Amino acid sequence: MDTSGGTPGRGDDGAGRPGPAPGAGPGSPEPEVLCSRRGCRAPATWVLVWNNPRIHTVDRRKTWVACDEHRDYLADFLGVRGFLLETVPFAEFGG
Ligand SMILES: [Zn+2]
């Protein structure tokens, strides 16, 4: 019997590569902040800083938070009333 040319297993056991443990993951340490738009459950990614000079002193700063989808809506709402001071990314908003 001629058995030359055979290629037995090459050592590749197909174990795959290391990866994250299934089903486990570090939970977010902070509760998620949701968009201020009524009925929206999306996480906030923007902070809109505003002030209504009729009812707030000028140094008072109110904030709304918005998801990507509603940032324009809320900014527009405040903007047309002249209340909007600035829009900053949520991650850059120090509080
Ligand atoms: Zn939203």
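Which residue just after H1 takes a positive phi? In this predicted model, that residue is Gly-82, whose phi is about 75 degrees.

Of the 95 residues, 15% count as buried. Among contacts between residues at least 6 apart in sequence, 54% join residues that are at least 24 apart.

The helix, H1, spans residues 68–81, and its buried residues are His-70, Arg-71, Leu-74 and Leu-78. Seen down the axis of H1, these buried residues fall within an arc of 125 degrees, so they line one face of the helix. The face of H1 turned away from the buried side carries the exposed residues Glu-69, Asp-76 and Val-80, while the cover over the buried residues includes strand S1 (46–50), strand S2 (62–66) and strand S3 (84–89).

Trp-46 counts as buried because 23 other C-beta atoms lie within 10 Å, where the cut-off for a buried residue is 20 or more. Leaving aside neighbours within four places in sequence, Trp-46 is in contact with Val-65, Ala-66, Arg-71, Thr-87, Pro-89 and Phe-90. Trp-46 and Cys-67, although 21 residues apart in sequence, are 6.2 Å apart in space, C-alpha to C-alpha.

Conventions. Residues numbered from 1 in each chain as written. Predicted model: local features only at pLDDT ≥ 70, side-chain atom pairs only at ≥ 80, totals over all residues. Buried ≥ 20, exposed ≤ 12 C-beta atoms within 10 Å, placed from the backbone. Helix = DSSP H or I, 4+ residues; strand = E, 2+ residues; numbered from the N terminus. Arc of directions from axis to C-beta. Contact = placed C-beta atoms within 7 Å.
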